[in-house]
Amino acid sequence: MHDLVIRGAVIEDGSGEPAFEGDIAVEGGFIAALGTVGPSRAEIDAQGLVAAPGFIDAHAHDDMELHRNPDNGSKLRQGVTTVVCGSCGFSAFPHAPGRRSPDFLALDGDWQTYGQYRSTLMGHGVATNVASFVGHNTVQRLLCGIDSSEPGTRALDSICNEIRRAMDDGALGVSTGLIYRPGRHVSTAALTRIVAAAADSGGIHSTHLRDEADGLPDAIDEAVSVSQGTGAGLQISHLKVIGEHNWGSLGTALDQIGKAHACGVDIAFDVYPYSAGSGPLETYFPPDDIDETRAALVQIIRCRDYPQFEGRRLPDIAADEGTTVRRLTRQLVTAPAASETLCIIFEIHEDDMLNALSHPLAVIGSDGIPQHRGVPHPRLQGTFPRLLGHYCRDKSALSRSAAIRKMTSVPAARYRLSGRGLLQPGHAADVVVFDPNTIADRGTYTSRAYPAGIRHVIVNGQHAISDAVPTGVRAGQVLTADRA
């Protein structure tokens, strides 16, 4: 007798092949059979519903959310069963206990190494699976300071050794954030050595490029050259082109990526289905060089220094405060807690985003930054339902089977997460069951809300969401790449 059977579902198995109707049997945390299956101890009536592999968030910042709020509702409630953390050069490790990190992760825990962080998560349990990169910025900042620049020979050796230790503990590879401190001061030569430290153990390089505006082609060339010099796979984070004068040019970047792939570079990228970006305000607006035109596109979403500004656009705030956008921006980026002030910038063209989304090398990542005050970017809670509802069902931008493949089997293969991302016997029973007619993101840029249409979520064979209600089960695991 099976532990659980999902009866009569429309099965999207994650392969991209057409859906089919049938049952899914679960035993001991794994898929036991598909088709017509026998009796079970528990059943889900999935008539009229779609069953798919649990979604894999290929680019997440849930590193500390998994510790502070292990139920990870922002992801679980949208059908995500695995989050890939350690993105953009920042990870929860290595860490100095008692020292809060000066970035949007705001690290604060008792661990030092990735192995200790993993033990902490498993000690209290987590609702979703997690795999992680080691962040170069986190490593160099801990060893050399946030204001450090090009590391010398001895410092670079220490950085590389720390990356190797994280790889030994199970990290997927190394991530870099080349617009952030200290990564933006590191040369291509040093970057190549840093990536090589992960590549030696089979790790890949996930990168927030140096430039996503006018210099995007050069930034892609740099990342490709590092991969060619190290043999590391290259994962470009949240591919986009910003700035109105650059709109329409993403096709050039996609051509670059396609040519690199054709020449043998193991390259791919992630993308989120929204036309606004988000991140730390101080990164985008140095106090002595504020682009007022760009600042006019900004909305503040988290600000410890001025919480009354949360959810509002800078031009509106400036008008009410009797100041200019330039002065207001400088005020915010020089405030005591400026490193934790988050914003949204409306500077991406939807056509460029859709061009990236439909590319065969694209996977889906939310890039959502957890926050429990203010109003987060809606991608935090709505990325996967938005793609399936708005862009697949309502706009027919791509097929449901193709979209689910980008959310499941492709990122599982990309990060070498064996036994994940497909509904087939022997694979882990990570399953989402959703209503194809009602699935939708409901959050906006001014109000937060969980999505609609997610009916059931199974994580490693255990019922984590039942009839749209979280059960409180924490069946997630810390996953490592198969380096065989």
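Buried means under 20% relative accessible area, exposed over 50%, and partly exposed in between, with a 1.4 Å probe and protein chains only. This is a predicted model, in which local features need pLDDT of at least 70 and side-chain atom pairs count only at pLDDT 80 or more, while totals for chains, interfaces and linings use all residues. Residues are numbered from 1 along each chain as its sequence is written, and side-chain values use heavy atoms, with hydrogens and water left out.

**The whole chain**

Begin with the entire protein in cartoon view. Its secondary structure comes to 16 helices and 22 strands; helices (H or I, at least four residues) and strands (E, at least two) are DSSP runs, numbered from the N terminus. The radius of gyration is 22 Å, close to the 23 Å that the globule rule gives for 484 residues, so the protein is as compact as a globular protein of that length. That radius is taken over C-alpha atoms, and the globule rule is 2.2 Å times the number of residues to the power 0.38. Along the principal axes, the C-alpha atoms fill a box of roughly 70 × 50 × 45 Å. Of the 484 residues, 60% count as buried. Among contacts (heavy atoms within 4.5 Å) between residues at least 6 apart in sequence, 75% join residues at least 24 apart.

**The loop between β7 and α3**

Next, select the loop between β7 (80-85) and α3 (114-124), where P94 is placed. A cis peptide bond joins F93 and P94, with omega about -10 degrees. A106 is found in the loop between β7 and α3 as well. Phi of A106 is near 50 degrees, a positive value in a residue other than glycine. Is A106 buried or exposed? At 4% relative accessibility, A106 counts as buried.

**Two further loops**

Move to the loop between β10 (173-177) and α6, which holds P182. Here R181 and P182 are joined by a cis peptide bond, with omega about -5 degrees. Then select D367, in the loop between β18 (362-364) and α14 (379-394). D367 is a residue other than glycine with a positive phi, near 55 degrees. With a relative accessibility of 6%, D367 counts as buried.

**Helices α6 and α7**

Show α6 (residues 188-199) and α7 (residues 216-230), which pack at an angle of about 50 degrees with their axes 9 Å apart. Axes are lines fitted to C-alpha atoms, for helices over the stretch in contact, and angles run from 0 to 180 degrees between N-to-C directions. The angle makes α6 oblique to α7: angles under 35 degrees count as roughly parallel, over 145 as roughly antiparallel, 65 to 115 as roughly perpendicular and the rest as oblique. Display the side chains of T188, L191, T192, V195, A196 and A199 of α6 and of E222, S225, V226 and T230 of α7, which make the contact.

**Helices α8 and α13**

Finally, select α8 (residues 250-262) and α13 (residues 350-357). Their packing angle is about 20 degrees, and their axes lie 9 Å apart. That makes α8 roughly parallel to α13. Which residues meet in α8 and α13? L250, G251 and L254 in α8 meet D352, N355 and A356 in α13.
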